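Reader: Hi! Could you walk me through this one while I have it open?
Author: Happy to, so let's bring it up.

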Protein chains: 2
Amino acid sequence: MSPYVETFVMHVGEMGSRWGLNRTLGQMCGLLYVSQQPLNADEIADALSISRSNVSMGLKELKAWRLVRPATVAGDRREYWTTPKDVWELFQVLTEERHRREVQPTLTMLRETLMIEPITPDDRYAQERLREMHELIELMTNWMDEIQNLPPRTLVRLLKLGRRIQNLLDKRRKSRNSNQSTDL
Amino acid sequence: MSPYVETFVMHVGEMGSRWGLNRTLGQMCGLLYVSQQPLNADEIADALSISRSNVSMGLKELKAWRLVRPATVAGDRREYWTTPKDVWELFQVLTEERHRREVQPTLTMLRETLMIEPITPDDRYAQERLREMHELIELMTNWMDEIQNLPPRTLVRLLKLGRRIQNLLDKRRKSRNSNQSTDL
DNA sequence: TCTAATTTTCAACAATTCTTGAAATTACTG
DNA sequence: CAGTAATTTCAAGAATTGTTGAAAATTAGA
């Protein structure tokens, strides 16, 4: 690894644990992301100075994360690997997977718990807190589902708009109030 | 803890590690969130069956996360604790803190690395990947900064709009193209 | 079908992270 | 300004998580 690449790979390694992966997974991802050519398991092990079996396990996990994909190199029997190279795609995959692991289970738990009838006043208070949390998560989840499928160009427009979104929403509300021809 | 509360607290404990906290921190947060009254350290230790010193360490970390705040109970010398009870506020704090821990360091590293002149073709390719990643993160960061300060009601409107945001953006672009009176 | 290259599995070991009780510190109260 | 209540610190041990080499399984080609 060149020093240039190494700086980056070591950093994503350090961050890996904060992103729900771990150090090795982060390093592997980072390395594959900045490598022009797909790499095979031995090359990864070599570049990161980790064991071949660690790479095998790491690839297995990264497959589950949909962060790596196989690539074939002509005339070579070994499997080669790479990540999506489009940051938007990478970001989308990461967001979806994190949502699946970090949010979905909680949503399920909240739905189930909210079915139970609270008895004591304390439980009724707790239920109210759960209800509000459920509402927020459901709102965000639905929004993400809808947003994910928009073309990146639309998302960039939204991002660049920033807080000016408020003007747009205000304007929309005004026109919907004064006029029946809505786009809803 | 009542079984009702316990279900919830144990769940957020399990999820804690996926949210950048850990099991105990998650449990403490969950417990305080659904408790009508603030709790003191002994009550927390008791409810979660963990040691008093563990609670002390946990509170220290949760303070750093801005997820707990002190509350005074009249006629009691001990410190009492609670979380913000508004899910929107809770969500905002969690998002800000996670951003600070999970994204800011990477942004700094990318900025620094992008200052270095790549020599080899491989390094130039790597730099291009870093540049794209930097652009995306910066865009998202700026957006979040702007969005965070909007009133929750505006955010709810945006969330409920979902993918229909595209219509709105299209309409805006059209009017800006055909007409100089923009709100930009 | 057999062989050799490659990948995966797994149980033992290593490293990291979490938890604890005891001691130290701080903050009240008489 | 003691004396006690409450909190924090810290080093040792417990639990969890990550890493490895050896062996098993798989695969491709002869």
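**The interface and beyond**

Author: In this predicted model, 68 residues of chain A are in contact (heavy atoms within 4.5 Å) with 68 residues of chain B. As ground rules, local features need pLDDT of at least 70, side-chain atom pairs count only at pLDDT 80 or more, and totals for chains, interfaces and linings use all residues. Residues are numbered from 1 along each chain as its sequence is written, chains are lettered from A and ligands numbered from 1 in the order in which they are written, and side-chain values use heavy atoms, with hydrogens and water left out.

Reader: Thanks! What rotation superposes chain A on chain B?
Author: A rotation of 180° with 0.0 Å of shift along its axis does it, with an RMSD of 0.1 Å (least squares on the C-alpha atoms of residues with pLDDT of at least 70 in both copies). The two copies are therefore related as by a two-fold rotation axis. The same surface serves both, as 100% of the contact residues of chain A recur in chain B.

Reader: How much area do chain A and chain B bury between them?
Author: About 6900 Å², with 66% of it on carbon and sulfur atoms. Buried area here is the accessible area (1.4 Å probe) that two parts lose on being put together, summed over both. A:Y4, A:W143 and A:R157 supply 12% of what chain A buries against chain B, more than any other three residues.

Reader: How many salt bridges are there between chain A and chain B?
Author: There are 6, counting a side-chain nitrogen of Lys or Arg within 4 Å of a carboxyl oxygen of Asp or Glu. In one of them A:R157 pairs with B:D170, the closest N and O atoms being 3.0 Å apart.

Reader: And which element gives the most to the side of chain A that touches chain B?
Author: Helix α7(A), with 16 residues; helices are DSSP runs (H or I, at least four residues), numbered from the N terminus. That side of chain A divides into 36 nonpolar, 12 polar and 20 charged residues.

Reader: New topic: what does A:R101 touch?
Author: Not counting residues up to four places away in sequence, A:R101 touches A:A64, A:W65, B:M15 and B:R18. A:R101 is found in helix α5 of chain A, and its side chain reaches the backbone oxygen of A:A64 at 3.3 Å.

Reader: Last one: which domains does the assignment give for chain A?
Author: Domain 1 (3-84) and domain 2 (103-177), with bounds from an automatic or database domain assignment. Their C-alpha centres lie 35 Å apart.

Definitions and conventions:
Helix = DSSP H or I, 4+ residues; strand = E, 2+ residues; numbered from the N terminus. Nonpolar A, V, L, I, M, F, W, Y, C, P; charged D, E, K, R; others polar. Polar contact = N/O pair within 3.5 Å; in protein donor to acceptor, adjacent residues only side chain to side chain.
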